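Open the model in your viewer and keep the sequence beside it. This tour tells you what to select next and what to look for at each stop.

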Amino acid sequence: MDLGIKGKRAIVSAASKGLGFGCAEALAKAGVDLVICARTQETLDAAAEKLRVHGVDVTAVACDITTEAGQKQVLDAAGHVDILVTNAGGPPPGVWSDWNRDDFIKALDANMLTPIALMKACLPSMMEQGWGRVVNITSQSVKAPIAALGLSNAARTGLTGYVAGTARQVAGSGVTINNLLPGIHATDRAVSLDTGVSNAQGISMDQARKNREGTIPAGRYGEASEFGAACAFLCSTQAGFIVGQNLLLDGGATLATI
C-alpha cells in the first residue's frame with residue numbers, strides 16, 4: 001500500500017532503538033524525511049545511518065526531549081513538521097510505597113507533559129496547512145493497569161485523557177491524533193522488566209521471558225518492525241478518519257471486550 005506520505009517531514013522522539021526506531025524506520029520506508037532524537041549521540045548516529053539507507057533525509061539531535069531545551073533543539077532542527085511521533089522511556093517498576101512526589105513529577109514530565117508540549121508546538125502549523133498526523137506511543141496499561149507500573153499507569157493515562165479531547169478539537173482541520181498502546185515487545189524495556197522478575201523470583205532470564213510469553217495469546221513478544229508498521233499506517237493519508245483512538249498492539253494480552 002502506498003501510504004501517501006512520501007516527502008512529508010516527521011519528528012520521532014526516542015528513536016535510536018526499540019519502538020521509536022521501529023516507527024522511524026517504517027516512516028523512512030514510506031519516504032518520510034526524519035528528525036530523530038535520543039540522549040546518546042553514538043547510538044543515535046548509528047540509527048540515523050541505518051535510516052538513511054532508505055533514501056530519506058535524516059537529522060539526528062542528541063538531547064533530553066523531556067526538557068524545554070531539548071524540545072526546542074528538536075523543533076528548531078525540524079522546522080516544518082507534518083508528522084509527530086512522541087515517545088519516551090517508561091518509569092521504573094515498583095510498588096505504591098516506593099514512590100514519592102518527585103518520582104511522579106518525573107514520570108509526568110516524560111510521559112505526559114513532554115508529548116503535550118510537542119503537540120502544542122506542532123498542531124498550529126498542521127491545522128493551518130490542513131493536514132497533520134500525531135501518534136503517541138503510550139502503553140497497554142492505559143487499558144488495563146499493571147500494578148508494578150503505577151508511575152506509568154498514572155502518567156500515560158493522563159496523556160490519554162488529554163488526547164481524547166484534543167483530537168476532537170483538531171480533526172476538522174485535517175489533523176489526527178491517536179495513541180499506540182504497546183504490550184511487551186522485544187526491546188530493552190522488556191529486558192528491564194524480565195530482569196526485575198528474574199531477580200525477584202530467582203529464575204533465569206529465559207524462564208522469565210517464557211513465563212511472560214505464556215500470558216500472551218500470540219505466544220511471543222512483539223517486534224519493533226510490526227509496531228512501526230502500525231504507526232506508519234496511522235500517519236498515512238488513508239487514516240484520516242481514525243481520530244482519538246487507542247490501538248493495542250499486545251498480542252491479545254489485555255483482557256478487554258472493547
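Start by selecting L181 and L248. L181 stands opposite L248, which belongs to strand 7. Bear in mind that this is a predicted model.

Now show the two strands around this stop. Strand 6 covers residues 175-182 and runs parallel to strand 7. Four bridges join strand 6 to strand 7.

Next, colour the whole sheet. In what order do its seven strands lie? The order is 3-2-1-4-5-6-7. The sheet is open, and the pairing is parallel. Pick out the edges: strand 3 (58-62) and strand 7 (246-249). Each of these edge strands pairs on one side only. Look along the sheet for its twist, which averages 15° from one strand to the next.

Then select helix 5, residues 150-170. Helix 5 lies across strand 5, strand 6 and strand 7. Its angle to strand 6 is about 155°.

Move on to helix pairs. Two packed helices are described by the angle between their axes and the distance between the axes.

The crossing of helix 1 and helix 8 is right-handed. Show the side of helix 1 that makes the contact: G18, L19, G22, C23, A26 and L27. From helix 8, show A224, F227, G228, A229, C231 and A232. How many residues of this contact of helix 1 with helix 8 are nonpolar, polar and charged? Nine are nonpolar, three are polar and none is charged.

For a second pair, select helix 6 (residues 188-201) and helix 7 (residues 205-213). Their axes come within 9 Å and cross at roughly 110°. That angle makes helix 6 roughly perpendicular to helix 7. Helix 6 brings V191, L193, D194, T195, V197 and S198 to the contact. Helix 7 brings M205, A208, R209 and R212. By class, the contact of helix 6 with helix 7 has five nonpolar, two polar and three charged residues.

The protein chain has eight helices and seven strands. Its C-alpha trace spans about 55 × 40 × 35 Å along the principal axes. The radius of gyration is 18 Å, which agrees with the value near 18 Å for a compact globule of 258 residues.

How values were computed. Residues numbered from 1 in each chain as written. Predicted model: local features only at pLDDT ≥ 70, side-chain atom pairs only at ≥ 80, totals over all residues. Heavy atoms only, no water. Left-handed = near helix turned anticlockwise from the far one by under 90°. Contact = heavy atoms within 4.5 Å. Nonpolar A, V, L, I, M, F, W, Y, C, P; charged D, E, K, R; others polar. Pairing = 2+ DSSP bridges. Axes fitted to C-alpha atoms, helices over the stretch in contact; angles between N-to-C directions. Rg over C-alpha atoms; globule rule 2.2 N^0.38 Å. Parallel < 35°, antiparallel > 145°, perpendicular 65-115°, else oblique.
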